[in-house]
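Okay, thanks for coming, everyone. I've got one structure to walk you through today, so let me put it up and we'll start with a single side chain.

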Amino acid sequence: MSNTINSISGNLNTPAQSPSYLAYLDNLIKTSDMIILDADTAQKGAAYDALVRQFIPFLAKHKRQIICPQATLSELKFLSASVDQRVAGKATKALEGIHALFHAGFIVFRGDPNKSETADAAIIRMVATNIWDTNILVLTQSGDVAADCKLFNQIRSTKINHTVTVKRISDQFGKLQDFFESHNSLDQISEKKTTANTADVLKRFGL
């Protein structure tokens with residue numbers, strides 16, 4: 001895997017982030033025992049690719065992996081069969097990226113593939129189960145998920161020594177912000193539907 005990491009390009013058409021922001025990402029990943037990916041974040045196209053490129057060196061450095069709930073996979077598979085070609089294309093590209101990163105060792109799957117629930121519900125279930133033992137980072141674009149996760153940091157009847165942090169992609173270059181900070185909408189960023197093998201997909205992440 002070290003050769004893979006060493007092959008990461010420093011540019012890849014993504015402006016270099018400031019040293020302070022990279023230090024922030026470094027600490028965010030270092031202090032997050034679990035990093036959970038929501039389906040909507042995986043569908044952010046070029047912005048998601050840029051985020052992953054920034055994450056990879058720190059994932060390797062701190063021996064972390066991104067967790068993709070099985071419900072996220074199921075949701076993306078359902079969307080990839082949509083008659084709306086834009087919806088299907090975004091979901092298909094997201095699935096390609098997830099599977100490529102799984103084979104590269106940066107993503108792991110968790111949960112029951114036969115359980116019927118949304119990706120958002122699976123994330124809340126995962127947070128509720130693990131918040132007692134681990135610090136959790138959730139990557140989502142959903143305001144509802146962010147609000148629900150925030151509740152776990154407000155429990156008063158017992159002491160929880162761990163926290164859940166929720167971040168969203170806030171610009172086309174993959175920058176993360178706290179969910180309720182001002183942000184630029186990425187909903188209008190279009191992505192062409194493509195099919196590719198794992199090697200081609202990994203090039204999106206500089207691997």
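So, start with threonine 134: a polar atom of its side chain lies 3.0 Å from the backbone oxygen of asparagine 130. One thing to keep in mind throughout is that this is a predicted model. Where does threonine 134 sit? You'll find it in the loop between helix 7, residues 119-130, and strand 4, residues 136-139. Is threonine 134 buried or exposed? It's buried, because its relative accessible area is 16%, and the cut-off for buried is under 20%. Setting aside residues up to four places away in sequence, threonine 134 touches Asp33, Met34, His162 and Thr163.

Now let's zoom out. The protein has nine helices and six strands. Of its 207 residues, 47% are buried. If you take the contacts with a separation of 6 or more, 78% of them are between residues 24 or more positions apart. The accessible surface comes to about 10,600 Å², and carbon and sulfur atoms account for 50% of that.

On to the inside. In soluble globular proteins, nonpolar side chains tend to be buried together. Here, the largest nonpolar core has 35 residues, and Tyr48, Phe55, Ile98, Ile107 and Leu176 have the most contacts inside it. Which helix gives the most to this core? That's helix 4, residues 46-61, with eight residues. There's also a second, separate core of 18 residues, and among them are Ile136, Ala146, Phe152 and Ile160. Going back to isoleucine 107, and skipping its neighbours within four places in sequence, its contacts include Leu37, Tyr48, Ile66 and Cys68.

Last topic, the rings. How many aromatic pairs does a search of the whole structure find? Two. In one, tyrosine 21 and tyrosine 24 have ring centres 5.7 Å apart and planes at 35 degrees, so that pair is tilted. Both tyrosines lie in helix 2, residues 19-30, three residues apart, or about one turn of the helix. Tyrosine 21 counts as buried at 7% relative accessibility, while tyrosine 24 is partly exposed at 29%. The other pair is phenylalanine 102 and phenylalanine 109, which is stacked, because the centres are 4.7 Å apart and the planes are at 20 degrees. Phenylalanine 102 is partly exposed, with a relative accessible area of 35%, and phenylalanine 109 is buried, at 19%.

And one more look at tyrosine 21: the charged end of lysine 175 sits over its ring, 5.4 Å from the centre. That's it from me.

Notes: Residues numbered from 1 in each chain as written. Predicted model: local features only at pLDDT ≥ 70, side-chain atom pairs only at ≥ 80, totals over all residues. Heavy atoms only, no water. Helix = DSSP H or I, 4+ residues; strand = E, 2+ residues; numbered from the N terminus. Buried < 20%, exposed > 50% of the residue type's maximum accessible area, 1.4 Å probe, protein only. Polar contact = N/O pair within 3.5 Å; in protein donor to acceptor, adjacent residues only side chain to side chain. Contact = heavy atoms within 4.5 Å. Core = buried A, V, L, I, M, F, W, Y, C linked by side-chain atoms within 4.5 Å. Areas by Shrake-Rupley, 256 points an atom, 1.4 Å probe, with all protein chains shown as cover. Phe/Tyr/Trp six-rings, centres within 6.5 Å; stacked < 30°, edge-to-face > 60°. Lys NZ or Arg CZ within 6 Å of the ring centre and 35° of its normal.
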